[in-house]
Amino acid sequence: MAAVQGGMVDAKDELDIKSEPPSDGFGNSNANDGRLLSSSPGAGTGGTATGNNKPAPGPPEEQQTLLAVLQFLKKSKLAESAEILRREAGLPEDALDPKGTDASGSGPGLAAGSGQVDGVDASSLLSRVTVSSSAAAQAPKKAAAGEDQPDVSVVLSAYSQQGDPSLYDAYYSGLKRFIESVLDCHRAELSQLFYPLFVHMYLELVYNNNESVAKAFFEKFSGDQECYYEQDLRILSSLTKKEHMKGNETLLDFRTSKFVLRISRDSYQLLKRHLQERQNNQIWNIIQEHLYIDIFDGMPRSKSQIDAMSGSLAGEARREANKAKVFYGLLKEPEIELPLDDEDEEAENEEGKPKKKKPKKDSMGSKSKKQDPNAPLQTRIPLPELKDSDKLDKIMYMKESTKRIRLGSDNLPSICFYTFLNAYQGLTAVDVTDDSSLIAGGFADSTVRVWSVTPKKLRKVKSAADLNLIDKESDDVLERIMDEKTASELKILYGHSGPVYGISFSPDRNYLLSSSEDGTIRLWSLQTFTCLVGYKGHNYPVWDTQFSPYGYYFVSGGHDRVARLWATDHYQPLRIFAGHLADITCTRFHPNSNYVATGSSDRTIRLWDVLNGNCVRIFTGHKGPIHALAFSPNGKFLASGATDGRVLLWDIGHGLMVGELKGHTDTIYSLRFSRDGEILASGSMDNTVRLWDAMKAFDDLETDDFTAATGHIHLQDNSQELLLGTYMTKSTPVLHLHFTRRNLLLAAGAYNP
Amino acid sequence: MAADREERRFAEVSRDSVKLMAESAGLELGDEVAALLAEDVCYRLREAAQSSAQFMRHAKRKKLTVDDFNKALRWSNVEAICGYGAQDAMLFRSVKEGELFFVEDRDINLIELALATNIPKGCAETMVRANVAYLDGKGNVGPQGTVPAAVQSLSDDLLKYYQQITRAILGEDPHLMKVALQDLQSNSKIAALLPYFVYVISGVKSVSHDLEQLNRLLHMVKSLVQNPYLYLGSYVRSLVSSVMYCILEPLAASINPLNDHWTLRDYAALLLSHIFWTHGDLVSGLYRQILLSLQKVLSDPVRPLCSHYGAVVGLHALGWKAVERVLFPHLPAYWANLQAVLDDYSVSNAQVKADGHKVYGAILVAVERLLKMKALSLPQPAEGCSSSQPGCLAGPMGYRVSSPGLSPPPEPLAEAGLGIASHLQAGGAGCQWEEWSPVPLPAMYSELYSFFGDSLAVRFSTEQSFGGFSPCTPSHFRETRKEPLGHVSNPDTTRKMPQLTANLNISPRQDGSPRTDPPPPSLAATGSVRSLARSSMQRSRASSSRSGQRSIGLSRDVFPKARFTSPHSGPPTFSFVIGGRQMGRRCQGRRPFQTIFVPTPPPPVVLPRVYTHKLPVIGRVCKPLRRWTRSHYSLHLPL
């Protein structure tokens, strides 16, 4: 940790605790605090100084205090004292282990009850979680309505110390002059200070009722800021009264989270010397209180390097935030015997083409057999057992994959576009089953519609009375329970009371999830085409939801800035992932189901560990809200698309940005890797589907050790080389992309005349 | 939205507006209060606009709707505004006198609405429709793709097209048929129909009694094969098997001797070679298989002669190498059977014998081309550039010229050596060829000669006759020619030649018989031994048969002759290989043996040139080439 100064550490810690808002755990970007809060926000906040959020019973709260002290001791490197305290208080050894190897996922307040590390099975995971989540459920409600006003005033009071308002202008321009006069290599780094300083100075002026000075200040310097902050500046400029500051979410973000800058030691020394010489206390105070300067040794970064990483609401991610180990490998597939001698293959043999396929199949087999060193333990997250029907599906999958087309830059997939016609009510979300047999659309009129795209029609199960008449011993009982009279291509699901923003099929095609503006997530049965469960908890619009690749779990994220992990048979969430500073706009499961990625309007992407609820990665670099995420099939990489029209590629293991794909001219709503990961397809509001050479994008970067060590990326601008094709639709925004098991690309969107 | 207008300037609600609103609600506001309120209202509006943008983004729209705004209001605990849900733009009006602006409200007569008889139907059902863009390797959206009809079903248009085309092709109107075939050959959007057309074509088996239909189906094959936008893929196999059917099967139509199934077989063979040349990559795996089946037919004595004929032209179509590999080694065995047929002069055997002559002619053509190709391929290295050139150059020419649609790429040496339609005799010509062939050739030649006797020699001479068409060159070339001849020719061959030529004069019909391909060197070597033993007897047999035929021929000639004459003058103009040859061949059966025909060879005049002609081809490329392309030359190439 690159503490700024010895003296500052204490002050900062204090501040961390004090300013911890009970609401969403805003302070979670700090890795240590994050562990405390994210797993059970209710319990976590109970221990903080403000303490107005009384959740759990008494004992845990005491324990919280102890833990806080313990944490402080550890931070101050007083290891022995900490050890003694821990022993005396009877706290578990790993209570503060930052790596979270505890693996329990329970909040520390409950750690005593679940001390045993191993033996993670479904029931224990769930029981632990449900206990903590009952407390957790209250937290977001708080954040919701206007109740948070008192806390805000606590937060804002930080602004009360004021210098002479008329001097702000001079301070700022003085700093500006200094930075402009500094050596080139430092200028880019120090220029990062402009934006946060500008914001905080402006807010201080507004808070202290210097409206006209604030306006003048804004007029004078807002033009200097980077263009990608325009959105925020616009919000800022509309804010001219102290009264308005209450309840303004953007403002809260600025106040409650420290803006993170990464600056090389040399540049920082330069800055410090300058400020001390000039006695520029006003600026120094702001830096100390509202900024977090992450100092590194080595070469200062260039302008382009900085620009690549900045843009998020709260600056860059701290380096330690991305240090945790991530098990990005894939889980071993269960071994299922594949009946090799089926007719299909023989037919192909006669055709004379099957020779190429043999070796491919072998390689696939071996891939699933060898244990990936980066893979999590098979039982790290309890997964549902395979049913017979799942096994059958797996076999189908393997058969199909032997017929998969090998894609590459010289062999692009054909694209099948599903156009929604007459969708006047507004298509807002689309999903396709893995086997590409069903397509579902979520609509602004609160309906969910499911179509069959194969000749097989959708049928309901017969009514209970009719089911009684069926011979249950017969072989085709599964066929007999279906009511032939209900067969149709389309089924409409009614239940929501607001636009349906996210839908997701379960991997076994028996269920469908939908999340809506009405704050609920609904689980639908695709056997009976009725609603089974309504999951309540978000209370605000739920922007996205997705099933785990293994089923059973699902994740959701919405306007309340938290993502939740649910299990289909629990009406309360198992985990709450809090930390984003703005709405969570999209959620994705890692292919191994151990992690969840969330994209947010705060222009960051976070990766969360499902096991313990920790935030293990924060990716910054997008300049607009993120609306699409996709994991590569091997689990190593993540692609993200945002309203800025760019696709960014991330290496999960190293926590680095590894590529930037420019080309789209509007929001990217959909991203998908081909089944073998060679091609990345992106679909956008600009009515195009673009195909990118993912192999090449990832290949070029593998070797750079220096980058991996320092986290300083240097991206070459090779978007044009990587762009393999651009395919226009007829005024149809591309909302969804899907690769079939044979690597045909399916796209979907509503015709928008 | 308001916030977007100009840079950081916002729509402002003025103090007066606030006052007015307050008045309308029955309140009196002071200026200061109104100003503060106005400012606050502005701020709240902006805030609401910003959060409503979020709903717009998540609805994946670019247009902010009243609905979005209402949602934003709802989530900030403000009552939604009602009555603005319509999609149409709202009219914003001003009243001049009062400086008032307002949104116009339409009056709706509810009674009228309730009693209206034209009840709106409601909007169409939401539905999903699939469109497929097939991408080729480079990522271009192909007009048709490499994935034929994998996903999509036939649209109505395509279906209609399919019906029209098949009806036109199989229908009565020849003009319609031509148009349909032409379209089939150039239409870029019929990929999805390919399987259907292939299916139709596979119907050859059910119409084997109807030559006309078979012919049309074959033309359909031709059109499909030539369509540059179609990727035939594995369908090519099906096409090939249909074509093979026409070549090899004893069609029901061939029972009636009046039916000209020979032409059909020739055309099918031509098509086969064309497929192999243009779609070699797709059918390469089939080559062996087809060779085998041809060989099987050829070696099966139970099969009717027309099947044997098909096998021979099929081999011929697959190139001289195929002939060398299959036909040549098989010839001695086959010859015995054929000879037996040809030697049977009984009346009952007349028809069979006629067929036999067909086969005989076909073999002769194939074998001559073999010899020619051999001759050309061998000397090449020896003679260096001069000899090789003609091969290369003539080759491309030849195929380009050949039949209109079908342009198989040449076997490099094929063309130059082939003289086809030559009914001409030219004694000198024979020698000329001999001198060309290096060691192995003579062996092969002698073996073949043992079968065919003089007819073989004629073949070669004839080809030179084509040279005759070049008016300018003859004399000049002849002289240059002679010198090399002297050197190279070995005494035996030269001696032989005259004999051959003598015969040649007699047999004009050989024009029809295509040229021979030279057998492989190895074979030739072994063959020579055999041939020596055989030669004497066979030659006698051959001659006897020939004479015999002559006598018999009379009876049969009647109709063939009539047909024949016209083609004679025609040969140069034939653009159509098979047709041309066919004619010739038909005559062959009879003609060789008939003296009657002697006068027929119309181009005898050319004789001297024939001889010379070879030179231009070899040494000088340009002029002769052009001539060739136009003339008969085209006829030989395809096969």
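Predicted model: local features only at pLDDT ≥ 70, side-chain atom pairs only at ≥ 80, totals over all residues.
1. A word on terms before you look around: a residue is called buried under 20% relative accessible area, exposed over 50% and partly exposed in between, with a 1.4 Å probe and protein chains only.

2. Residues are numbered from 1 along each chain as its sequence is written, chains are lettered from A and ligands numbered from 1 in the order in which they are written, and side-chain values use heavy atoms, leaving out hydrogens and water.

3. Chain A has 26 helices and 31 strands; these are DSSP runs numbered from the N terminus (helices: H or I, at least four residues; strands: E, at least two). Of the 753 residues in chain A, 59% are buried. Take the contacts (heavy atoms within 4.5 Å) between chain A residues at least 6 apart in sequence: 62% of them join residues at least 24 apart. Chain A exposes about 30,300 Å², and carbon and sulfur atoms supply 52% of that; accessible areas come from the Shrake-Rupley method with a 1.4 Å probe, and for residues only the protein chains shown count as cover.

4. Now for two backbone spots in chain A. Most residues other than glycine have a negative phi. Arg509(A) has a positive one, near 65°, and sits in the loop between β10 (500-505) and β11 (511-516) of chain A. Asn209(A) also has a positive phi, near 65°. You'll find Asn209(A) in the loop between α11 (194-207) and α12 (211-221) of chain A, and its 55% relative accessibility makes it exposed.

5. Over in chain B, look at how α1 (residues 15-24) meets α2(B): their axes come within 8 Å and cross at roughly 105°. So α1(B) is roughly perpendicular to α2(B), a label for angles of 65 to 115 degrees. Axes here are lines fitted to C-alpha atoms, for helices over the stretch in contact, with angles from 0 to 180 degrees between N-to-C directions. Arg15(B), Val18(B) and Lys19(B) of α1(B) make the contact with Asp31(B), Ala34(B), Ala35(B), Leu37(B) and Ala38(B) of α2(B).

6. Leu37(B) turns up again in a nonpolar surface patch with Val33(B), Val41(B) and Leu45(B), together about 280 Å² of accessible area. Leu45(B) lies in helix α2 (residues 31-58) of chain B and is partly exposed, at 41% relative accessibility.

Conventions. Patch = residues over 30% accessible without salt bridge, like charges linked within 9 Å, V, L, I, M, F, W, Y side chains within 5 Å. Salt bridge = Lys/Arg side-chain N within 4 Å of Asp/Glu carboxyl O. Parallel < 35°, antiparallel > 145°, perpendicular 65-115°, else oblique.
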